[in-house]
Amino acid sequence: MELRGVCVLLGVLLLLHCSAQQNQPRRKPAKKEPERQDAAIEQLQKQINDIVSELNLLKEQQALQTVCLKGIKIHRKCYLVDPVRKGYHTASEDCNNLGGVLGTPASSDENDQLRDYIRQSIGPGEQVWLGATDMVKEGAWVDQTGLDLTYKNWDASNSRSPQPDGGQSQNCAVLSVASQGKWSDQNCKDEKASVCQFNIV
């Protein structure tokens with residue numbers, strides 16, 4: 001509804017501007033008149049740019065509300081599971097196209113809530129891609145923005161092979177619902193479900 005109001009306001013401003021220009025009597029322009037016209041045009045352009053920015057923000061907020069309604073809100077983030085199995089890079093691109101990134105929990109509580117949401121959404125035996133990789137430097141796990149992870153939940157329960165254990169062949173992290181939300185490293189070409197994260201401003 002707000003979006004329609006902004007569009008109507010933009011249309012009215014444009015009509016008023018065109019009408020004002022048509023109704024002005026034609027006279028010989030004074031030397032300073034072009035400067036005033038330039039200033040008026042700049043001011044109108046600024047108003048239009050402000051309206052367009054506000055319109056884009058409203059679109060983002062509306063899209064985010066839709067995501068939160070379909071998914072779950074956890075700690076100022078919205079998460080949305082995609083049950084379609086795909087490789088890490090495709091999953092990442094799909095999240096980016098929706099305006100988000102692959103999810104990366106930042107705390108134990110956030111990880112537990114995300115695990116429970118995934119279990120309810122796609123099943124108790126699933127694994128989902130997270131937004132954590134060590135592709136750039138082996139063993140240096142970073143999120144999708146390239147920042148070091150502030151929280152990690154690697155599965156260390158297997159003493160012979162604690163996670164992450166894949167070396168250079170396994171550079172992408174998954175969250176396993178069956179392992180109580182523990183993480184492991186997998187080959188990025190494997191096909192898994194994924195979870196997108198959208199930050200709430």
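This is a predicted model: local features need pLDDT of at least 70, side-chain atom pairs count only at pLDDT 80 or more; totals for chains, interfaces and linings use all residues.

Modeller: E2 covers residues 77-86. For orientation, the chain contains four helices and seven strands, arranged along the sequence as α-α-β-β-α-β-α-β-β-β-β. Of the 201 residues in the chain, 36% are buried.

The strands beside E2 may be taken in turn. Strand E1, residues 72-74, runs antiparallel to E2 and is joined to it by three bridges. In this pairing Lys 73 stands opposite Cys 78 of E2. The two strands form a hairpin with two residues between them. His 75, in the turn, has a positive phi of about 45°.

E2 also pairs with E7, again in the antiparallel sense, and here there are seven bridges. Lys 77 stands opposite Asn 199 of E7 in this pairing. Gln 197 is another residue found in E7. With a relative accessibility of 9%, Gln 197 counts as buried. Apart from neighbours within four places in sequence, Gln 197 is in contact with residues that include Lys 77, Cys 78 and Tyr 79, and also Gly 100, Val 101 and Leu 102. The C-alpha atoms of Gln 197 and Leu 80 are 6.7 Å apart, although 117 residues separate them along the chain.

Leaving out residues up to four places away in sequence, Gly 71 touches Tyr 79, Leu 80 and Tyr 117. Its C-alpha atom is separated by 9.8 Å from that of Ile 118, which is 47 residues away along the chain.

In soluble globular proteins, nonpolar side chains tend to be buried together. The largest nonpolar core here has 31 residues, and Leu 114, Ile 118 and Leu 175 touch the most other members. E2 supplies at least two residues of this core, as do H3, H4, E4, E5 and E7. Leu 114 touches Tyr 79, together with Ile 74, Pro 105, Leu 130, Leu 175 and Val 195, when residues up to four places away in sequence are not counted.

Helix H4 (108-122) is one of the contributors to this core. Its buried residues are Glu 110, Asn 111, Leu 114, Arg 115, Tyr 117 and Ile 118. They cover an arc of only 165° around the axis, which puts them on the same side of H4. The 15 residues of H4 should span 21 Å at 1.5 Å a residue, and the end C-alpha atoms are 21 Å apart, which agrees. After H4 comes Gly 123, whose phi is positive, near 120°.

Helix H3 is another contributor, and its buried residues are Tyr 88, Ala 91, Ser 92 and Cys 95. Seen down the axis, these residues fall within an arc of 100°, so they line one face of H3. E2 is among the elements that cover the buried residues of H3, which also include E3, E4, E5 and E7. Gly 99 follows H3 and has a positive phi, near 95°.

Aromatic rings complete the picture. The whole structure holds four aromatic pairs. One of them is edge-to-face and joins Tyr 88 to Trp 129, at 5.6 Å centre to centre with 85° between the planes. Tyr 88 lies in H3 and Trp 129 in strand E4, so the pair ties together parts that are 41 residues apart in sequence. Both Tyr 88 and Trp 129 are buried. Ring pairs also link Trp 141, Tyr 151, Trp 154 and Trp 183 into a cluster.

Conventions: Residues are numbered from 1 along each chain as its sequence is written. Side-chain values use heavy atoms; hydrogens and water are left out. Rings of Phe, Tyr and Trp (its six-membered ring) pair if their centres lie within 6.5 Å; planes under 30 degrees apart count as stacked, over 60 as edge-to-face and the rest as tilted. Buried means under 20% relative accessible area, exposed over 50%, partly exposed in between (1.4 Å probe, protein chains only). A nonpolar core is a set of buried Ala, Val, Leu, Ile, Met, Phe, Trp, Tyr and Cys residues joined through side-chain atoms within 4.5 Å. Contact means heavy atoms within 4.5 Å. Two strands pair if DSSP finds at least two bridges between them. The expected span of a helix is 1.5 Å times one less than its number of residues. The arc is that of the directions from the helix axis to the C-beta atoms.
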